[in-house]
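Visitor: I have just opened this structure and would like to learn how to read it. Could you walk me through some features, one at a time?

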Amino acid sequence: MTPSTRNIEYALAALWLWSGLQPPLSAWDASVAMLQRLPLPADWTAPLFLAACGLDLVFGLLTLGRPCRALWRAQAAVVAGYSLTLALWLPENWLHPFAPLVKNLPILAMLLWLGARRETSA
């Protein structure tokens, strides 16, 4: 593994950890309001939000400690799922000035690149 590969892993870990910590600590109401716009039962909103934050934290910790192809594939699937959900039910994110959906493209590219480079297929 090259030092640049590990730097990418650290950057992704930081992104996952921030994504898991920041919303429940400082954007609870805004996050729940976004989830309430999805076609799901209202009582699923808070548990789904906490589960997504927990998953992001787990991905961050695993990226630091046990990176492998299966982890990159799982992360890519979740990023694709999050992106598809936003694109379908919160389409204003396509035109958002901070480009949250477009930023997922390089993240997916990094995950696919890491998955192709990782020596173990655990």
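Visitor: Where is Val79 found?

Guide: Val79 sits in helix α4. Helices here are DSSP runs of H or I with at least four residues, numbered from the N terminus. Bear in mind that this is a predicted model, in which local features need pLDDT of at least 70, side-chain atom pairs count only at pLDDT 80 or more, and totals for chains, interfaces and linings use all residues. Residues are numbered from 1 along each chain as its sequence is written, and side-chain values use heavy atoms, with hydrogens and water left out.

Visitor: Is Val79 buried or exposed?

Guide: A residue is called buried under 20% relative accessible area, exposed over 50%, and partly exposed in between (1.4 Å probe, protein chains only). Val79 has 5% relative accessibility, so it counts as buried.

Visitor: Which residues is Val79 in contact with?

Guide: Contact means heavy atoms within 4.5 Å. Leaving aside neighbours within four places in sequence, Val79 is in contact with Trp16, Asn104, Ile107, Leu108 and Leu111. For a sense of spacing, the C-alpha atoms of Val79 and Leu55 are separated by 11 Å, and these two residues are 24 places apart along the chain.

Visitor: How should I read a nonpolar core, and which residues touch the most other members of the largest one?

Guide: A nonpolar core is a set of buried Ala, Val, Leu, Ile, Met, Phe, Trp, Tyr and Cys residues joined through side-chain atoms within 4.5 Å. The largest one here has 13 residues, and Leu12, Trp72, Val79 and Leu111 touch the most other members. Two or more residues come from each of α1 (3-26), α4 (69-89) and α5 (104-117), and α4 gives the most, with five residues. Leu111 touches Leu12, Trp72, Gln75, Ala76 and Val79, not counting residues up to four places away in sequence.

Visitor: Gln75 is on that list. What does the side chain of Thr63 make with Gln75?

Guide: The side chains of Thr63 and Gln75 make a polar contact at 2.8 Å. That term means a pair of N or O atoms within 3.5 Å; within protein, one must be able to donate a hydrogen and the other to accept it, and residues adjacent in sequence count only if both atoms are side-chain atoms. A polar atom of the Thr63 side chain also lies 2.7 Å from the backbone oxygen of Phe59.

Visitor: Where is the place of Thr63, and is Thr63 buried or exposed?

Guide: Thr63 belongs to helix α3 (residues 45-65) and is buried, with a relative accessible area of 0%. Setting aside neighbours within four places in sequence, its contacts are Arg6, Glu9, Ala13, Trp16, Leu71, Trp72 and Gln75.

Visitor: How many salt bridges does the structure hold?

Guide: Side chains of opposite charge can pair when their charged atoms come close. A salt bridge is counted when a side-chain nitrogen of Lys or Arg is within 4 Å of a carboxyl oxygen of Asp or Glu. The structure holds two. One joins Arg6 with Glu9, whose closest N and O atoms are 2.3 Å apart. Both residues lie in helix α1, three residues apart, about one turn of the helix. Arg6 is buried at 17% relative accessible area, and Glu9 is buried at 1%.

Visitor: Which side chains meet in a salt bridge at 2.7 Å, N to O?

Guide: Those of Arg37 and Glu92. Arg37 lies in the loop between α2 (28-35) and α3, and Glu92 in the loop between α4 and α5, so the pair ties together parts that are 55 residues apart in sequence. Arg37 counts as partly exposed at 43% relative accessibility, and Glu92 counts as partly exposed at 40%.

Visitor: What about Gln36: where is it found?

Guide: Gln36 is in the loop between α2 and α3, and at 52% relative accessibility it counts as exposed.

Visitor: Last one: which residues lie nearest the centre of the largest pocket?

Guide: On a 1 Å grid over the protein atoms alone, a pocket is an open set of points where a 1.4 Å probe fits, with protein on both sides within 12 Å along at least five of seven lines; lining residues have an atom within 4 Å of a point. Ser19, Pro23, Asp56, Tyr82 and Leu86 lie nearest the centre, among 30 lining residues. α3 gives the most to that lining, with seven residues.
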